[in-house]
Amino acid sequence: MATLSVATPLKCRDSIFSTRFAGGRAPLTPSPKTPRAQVVPQDAGVQTESIHHGNVNLMSRFSRSVSKTNVRDSPKSNIAGRPSRDSPRRLDLGISDFTLTGTGSRPSTASSAKNTPSRSRSGRAGSVHRTPKRPLSKVNYTAADRFIPNRTASEAISTSGAAVKLDNTEQTPGRRPKSSAPSDGSAVLAASAASAFDFGRPHSSSHDATATLSFEGLSLSDRNEDDDEDAPKTKASPNTVAYQQSVAEACGVSIKQRILAFKPAAPESSRPIDLRSQYNRPLKPAAASASQFRRRVLTAPERVLDAPGLVDDYYLNLLDWSSGNQVAIGLERNVYVWSAESGTVASLLECPADTYISSVKWSGDGAYVAAGLGTGEVQIWDVEDGTKLRSMYGHDTRVSVMGWNKHILSTGARSGLVYNHDVRIAQHKIAELVSHTSEVCGLEWRADGSQLATGGNDNLVSIWDARQLNAPKFQKTNHKAAIKALAWCPWQSNLLATGGGSHDRHIHFWNTTSGARVNSIDTGSQVTSLRWSLAYKELVSSSGFPDNSLSIWSYPTLVKNIEIPAHESRVLHSALSPDGQMLATAAADESLKFWKVFEKKAGMANLAGAGSAASTKGLTKATTIR
Amino acid sequence: MPSAMPPPSASDKADKSKTHKLALKGSSKTVVEFFDYACNTILFQRGVYPPEDFTTVKKYGLNMMTSCDDQVKAYIKKIMSQLSRWMQKAKISKLVIVVTSKETGEHVERWQFDVNVFQDPSKQTRSTTSGDKENSTPPQQQQQQPSPVSAKSDDDVQKEIQALFRQITASVTMLPMLDGNCTFNVLVYADADSEVPLEWGDSDAKEIRNAESVKLRSFSTNSHRIDTVVSYRLAD
């Protein structure tokens, strides 16, 4: 990964075996491209490829460094850059603007303006006496059309209908000079009256429909009357009004109204509801609180350090954080130790020129570092003295992963073999774990040392019983790519999380007592590491292409709480600080970043949510012993 | 005298009709919003949909439950958008939410909201006052007259709505227990001349047989008054 900084000489990728600090940059110094950049008010267009870019250069005088990632991907800048029309309030305003301007023709107000105040607006049944109305140009033909199919039904009762018709036509000639439309209207009226009589009977639902329909017809004729009345300026005969009123009253229906139902059926409810449980529901439903009161996570790195020469190899394990609060990282041929307390950095060891560091692991007590080499050699160093204690041979391929269980060091190699070494004795190799057929890249001891999980490039997860190492207890073939990310749950000792590579992208959760898979997440990208939180029921996964992000998942809900765009290229390694609050990530962009992803609230104990006091105690004890 | 009067009154009328128009729009918006929340509240309180489908939203100074189920949300939104169209033309006289048992198809509960649209205030005042007060300082007169009608502040309206929602929520204690296997329908009493979109069709009133009704609170805006009645089936 060539750095784009102009200040330092370009480093060649093929100089893995060169001795100098890669690229002339001192390792683990604050990165020139690292930030506090949240405050930098940069427009998104400025891509700060070079630190000499005016804006950034200026800023770097104030803050120690400026990160490209943050300028581009900071969630804050996302928010600022987002067009504010997304805001619901804004949308609301838009609607009201529209309604104010979009006034159509208002026939109803026009007509209501013509009403005398005496006319009651609510339309009691049969309040039909009105002053002349302006004719509505659009008489409801649609309503008439609706009516027609139903008329045949109501014509069945013909006798009473005929009588009404007679009655009605008796009155019309006086008021209606033109006859075509009104006669149609009266026919409608007649038919509707016919069914209206029928409707006089107590409710029978099939007739209800026809009744309301025909009353719509009735009101149509009423409207027609109004049209006609406008011309001759005569009032409707009181007989007609009285008649219509009586009919309407008999049916208990207002003439000017129709009852409309929203026809589509309401969506099905997912299950029957017991109202009893609802009446004494808790004030805050659990699900709602989970989604609404999600923990806030800092999305900016606390600190960014340069990691020049970090080998971009998924299968290696080059980063570890000790219980003594020191970070060890393998950069090409060197192992550096950065003290988190003092911020000082020291080169611990440099391996021969013909090989490179392939894995780094702190012992549990934080006093020793084991370094695996490309040749298969494993060295153990005393960090305090800076001296090598011993070298252990046995593997003939690179040692890509290691794990301590007290005095036992397990080493996984490219050959697929896992050896257990007792580091105290001369004949150090005490077990050979044969299960993988391809490179072992993930290896994790359970905190109590009774189980060991290994993952390999053969897409296999093996779970071993510490007392029975001749064959794995379980072999899991669910992953479809190499498994590097393995993590034991701190509050449930038999829960193991494993994450697969680019073709798999899944995190699987296993019950290691029964061997059952209990949960799965499709993360959408290569899972390069997994860490459980000690304080929250959450785990963080780091990912490669396409997002190069950190994702925090709640367990067991498997809800993604947040995704932090972390690095410019894939995140290769991660390590959790001894107090469990901070996560260190090393990525192929040759930077080492520290994230306060599990920030503790004041007065919060580790595993606050775990509930099991025993396991809490056990864990705090474990961290102090280590 | 009549010749002197028309100019101010005509211009005033134009003003009044404008303010009235705006008031009706704004008021319709308030009312439709109320219906939206009322619908959600009833669906929640009466257990038409499971409680986990609802989230709380602060509104009217209360924690209102609104559905977060996409289908239900879309369904209610569709109803409300049409309703607001009708409301703005003052075509609606009632909105009814009918809760129906899925098993028997019987209507078990009927929430009726009567919409009363106030008369054009300028119209009203003019017709009543024109007789004797024509001579007395027209400008002040006309400004003062509508004020008692439109004096209601937004705050007061919100408070009335809040009180009504409290009552709706409280009414679950007196309403009969529903079996939790119910669906709902929305009815609208519209003027006969209103435009009706395809989704809406004529219906019967979906009255409940052997029903008992309880009148709840009312609230009013500057141009609407909403009366609430809940009717429910008496226990057999």
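Predicted model: local features only at pLDDT ≥ 70, side-chain atom pairs only at ≥ 80, totals over all residues.

**A close look at chain B**

Mentor: In chain B, 69% of the contacts with a separation of 6 or more are between residues 24 or more positions apart, a contact being two residues whose C-beta atoms, placed from the backbone, lie within 7 Å. Residues are numbered from 1 along each chain as its sequence is written, and chains are lettered from A and ligands numbered from 1 in the order in which they are written.

Chain B holds six helices and eight strands, which are DSSP runs numbered from the N terminus (helices H or I, at least four residues; strands E, at least two). Followed from the N terminus, the elements of chain B come in the order α-β-β-α-β-β-α-α-α-α-β-β-β-β. Of the 236 residues in chain B, 41% are buried, meaning that 20 or more other C-beta atoms, placed from the backbone, lie within 10 Å of the residue's own; a residue with 12 or fewer is exposed, and one in between is partly exposed.

Let us now turn to one helix. Helix α6 of chain B, residues 154-171, has 18 residues and reaches 26 Å from its first C-alpha to its last, close to the 26 Å expected at 1.5 Å a residue, where the expected span is 1.5 Å times one less than the number of residues. The buried residues in α6(B) are B:Val157, B:Glu160, B:Ile161, B:Leu164, B:Phe165 and B:Ile168. These residues lie on the same side of α6(B), because they cover an arc of only 135° around the axis, the arc being that of the directions from the helix axis to the C-beta atoms. B:Asp155 and B:Ala170, on the other side of α6(B), are exposed.

Chain B has a mean pLDDT of 78, with 76% of its residues at 70 or more. Over residues 1-16 of chain B, however, pLDDT stays under 50, and the model has six contacts for them beyond four places in sequence. The pLDDT is also below 50 over residues 121-148 of chain B, a stretch that has 22 contacts in the model beyond near neighbours in sequence. For the complex, the predictor gives an ipTM of 0.74 and a pTM of 0.45.

Conventions. pLDDT = per-residue confidence, 0-100.
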